[in-house]
Amino acid sequence: MSSSKTDGAALGHELSLWVVLFHEQLAARLQVNATEHKVLGIIGRTPGTHPARLVVETGLSNAAITKIVDRLVGLGYVDRARDPADGRRVVLTATAEHRRVLAGAMAPMLEGMDKVVAGLDEVELAAVGRWLTGTVSVMRDATLALSEENRAS
């Protein structure tokens, strides 16, 4: 194996470690567990989302999503309302309180990332974007496949 692959693998493992540890600390700040934190992130990025979408995105059961949403509503981080287009459905939106707590907790990391990005030119940014997009796709597919296998066993 070449040193660049070894270095890349080592960096990938280190990145993974620090991303997980950062999100564990962020979840602790929000007083939620890791799964609740990730579901909250989906709701925050997609205002007006439906619980069914959370099931698809996470691979969790309907019952698990209902329990998580109930907890997030109870913490004041999510508003749950009837869908104006279809009163049988529920829509979920992150609250201003969630955005306030999250912004304060993430500010130092975001400032640091702004400095990293400021040092990259357009070609480098495009390459990083392609790599991240591909990595997210691979991780999503692998996670959903593993989730399916776990449910089947």
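At what angle do the axes of helix α2 and helix α3 cross? I started my notebook with that.

**Entry 1: the α2/α3 pair**

I am working from a predicted model. I took α2 as residues 34-45 and α3 as residues 51-58. Their axes cross at roughly 125°. The axes come within 11 Å. I wanted both values, because two packed helices are described by the angle between their axes and the distance between the axes. Angles of 65 to 115 degrees count as roughly perpendicular and those over 145 as roughly antiparallel, with the rest oblique. I therefore put α2 and α3 down as oblique to each other. I also noted the hand: α2 passes α3 in a right-handed crossing.

**Entry 2: the loop between them**

Next I looked at Thr46. I found this residue in the loop between α2 and α3. Is Thr46 buried or exposed? Its relative accessibility is 17%. Buried means under 20%, so Thr46 counts as buried. I then checked Thr46 against Trp18. The two are 28 residues apart in sequence. In space their C-alpha atoms are 25 Å apart.

**Entry 3: the whole chain**

I stepped back to the overall layout. I recorded six helices and two strands in the chain. Along the sequence I read the order as α-α-α-α-β-β-α-α. The C-alpha trace spans about 55 × 40 × 30 Å along its principal axes. The chain has 153 residues, and 23% of them count as buried.

**Entry 4: salt bridges**

How many salt bridges does the count come to? I noted seven. I looked up several pairs.

I began in α3. Arg53 and Glu57 meet there through their side chains, N to O at 3.3 Å. Both residues lie in helix α3, four residues apart. That spacing is about one turn of the helix. Arg53 has a relative accessible area of 37%, so I logged it as partly exposed. Glu57 is at 35% and also counts as partly exposed.

I then went to Asp83 and Arg89. Their side chains form a salt bridge at 4.0 Å, N to O. Arg89 is at 37% and counts as partly exposed.

My next pair was Asp86 and Arg88. They form a salt bridge with the closest N and O atoms 2.9 Å apart. Arg88 has 71% relative accessibility. The cut-off for exposed is over 50%, so Arg88 counts as exposed.

**Entry 5: a nonpolar surface patch**

Which residues make the nonpolar patch? I listed Leu15, Val19, Val128, Trp131 and Leu132. Together they give a patch of about 460 Å². Where do these residues come from? I checked the helices. The largest share, three residues, comes from α6.

Leu132 lies in helix α6. I read its relative accessibility as 41%.

**Recap**

I have α2 and α3 crossing at roughly 125°, with buried Thr46 in the loop between the two helices. I have a salt bridge between Arg53 and Glu57, both of them in α3. I also have the nonpolar patch, with its largest share from α6.

Conventions:
Residues numbered from 1 in each chain as written. Predicted model: local features only at pLDDT ≥ 70, side-chain atom pairs only at ≥ 80, totals over all residues. Heavy atoms only, no water. Patch = residues over 30% accessible without salt bridge, like charges linked within 9 Å, V, L, I, M, F, W, Y side chains within 5 Å. Areas by Shrake-Rupley, 256 points an atom, 1.4 Å probe, with all protein chains shown as cover. Buried < 20%, exposed > 50% of the residue type's maximum accessible area, 1.4 Å probe, protein only. Axes fitted to C-alpha atoms, helices over the stretch in contact; angles between N-to-C directions. Parallel < 35°, antiparallel > 145°, perpendicular 65-115°, else oblique. Left-handed = near helix turned anticlockwise from the far one by under 90°.
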